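Please walk through this fold step by step, with the sequence and the coordinates side by side.

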Amino acid sequence: MKPASVPAERRAPDAGSEAQGCTRILIVEDDFLIALQSEIALREAGFEVVGTATTAEEAIVLAREQRPFLAVMDIRLASERDGIDAASELFGELSIRCIFATAHDDPRTRARAEPYAPLGWLAKPYTMPSLIAQIRDAISKPD
């Protein structure tokens, strides 16, 4: 399943572009320190962080309002719905894809997420340089 075409305001810059600030990212993470560290690292790398959500519900509301290019998504969140549920709605309704950054990296979890076209996986604990590299790789790939 391929996402619908991406509106210009959410589109990633060309791979050779230095204007990473055009790449809008939503962070979905219920661990305050990881979310803060991710936000700082992404901003310092030149990305625009549109917000941080701690629940699936917050992620969906923020995504509808801010229209990020992608979401960095934890799977276990501070609500009954998990990150795969949120990814399903983001992908189905808004064509927003995710990089899953999670401790839940088993084959069953990956299989649940696969229909929503993940842009990548980062197993916790991960480093901020690996997160930035994963995002740069994701935005440089053609649809």
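Is A117 buried or exposed? A117 is buried, because its relative accessible area is 14%, where buried means under 20% relative accessible area, exposed means over 50%, and partly exposed covers what lies in between, with a 1.4 Å probe and protein chains only. This residue sits in the loop between α4 (107-113) and β5, and although A117 is not a glycine, its phi is positive at about 50 degrees.

The model is a predicted one, in which local features need pLDDT of at least 70 and side-chain atom pairs count only at pLDDT 80 or more, while totals for chains, interfaces and linings use all residues. Residues are numbered from 1 along each chain as its sequence is written, and side-chain values use heavy atoms, with hydrogens and water left out.

The protein chain contains five helices and five strands, these being DSSP runs numbered from the N terminus (H or I over at least four residues for helices, E over at least two for strands). Followed along the sequence, the elements of the protein chain give the pattern β-α-β-α-β-α-β-α-β-α. Of the 143 residues in the protein chain, 49% are buried. Contact means heavy atoms within 4.5 Å, and among contacts in the protein chain between residues at least 6 apart in sequence, 64% join residues at least 24 apart.

Consider next how the helices pack. Two packed helices are described by the angle between their axes and the distance between the axes. Here the axes are lines fitted to C-alpha atoms, for helices over the stretch in contact, and angles run from 0 to 180 degrees between N-to-C directions. Helix α1 (residues 32-44) and helix α5 (residues 128-140) have axes that come within 10 Å and cross at roughly 55 degrees. That angle makes α1 oblique to α5, since angles under 35 degrees count as roughly parallel, over 145 as roughly antiparallel, 65 to 115 as roughly perpendicular and the rest as oblique. The crossing of α1 and α5 is right-handed; a crossing has this hand if the near helix is turned clockwise from the far one by less than a right angle, and is left-handed if the turn is anticlockwise. On the α1 side the contact involves Q37, S38, A41 and L42, which meet M128, L131, I132 and I135 in α5. By class, this contact of α1 with α5 has six nonpolar, two polar and no charged residues, where Ala, Val, Leu, Ile, Met, Phe, Trp, Tyr, Cys and Pro count as nonpolar, Asp, Glu, Lys and Arg as charged, and the others, Gly among them, as polar. Q37, in helix α1, counts as partly exposed at 46% relative accessibility.

Helix α2 (residues 56-66) and helix α3 (residues 83-94) pack with their axes 9 Å apart and at an angle of about 20 degrees, which makes α2 roughly parallel to α3. The crossing in which α2 passes α3 is right-handed. In this pair A56, A59, I60, A63 and R64 in α2 meet A86, E89, L90, E93 and L94 in α3, and by class the contact of α2 with α3 has seven nonpolar, no polar and three charged residues.

The aromatic rings come next. Rings of Phe, Tyr and Trp (its six-membered ring) pair if their centres lie within 6.5 Å, and planes under 30 degrees apart count as stacked, over 60 as edge-to-face and the rest as tilted. By this rule the count comes to one aromatic pair. The ring centres of F100 and W121 are 4.8 Å apart and their planes lie at 25 degrees, so the pair is stacked. Because F100 lies in strand β4 (residues 97-102) and W121 in strand β5 (residues 120-123), the pair ties together parts that are 21 residues apart in sequence. Both F100 and W121 are buried.

A few further places deserve a look. The peptide bond from K124 to P125 is cis, with omega near -5 degrees, and P125 is placed in the loop between β5 and α5. S95, in the loop between α3 and β4, has a positive phi of about 60 degrees although it is not a glycine, and S95 is buried, with a relative accessible area of 15%. In strand β2 (residues 48-53) lies T52, which is partly exposed at a relative accessible area of 31%. Not counting residues up to four places away in sequence, T52 touches L26, I27, E29, A35, E39 and L62.
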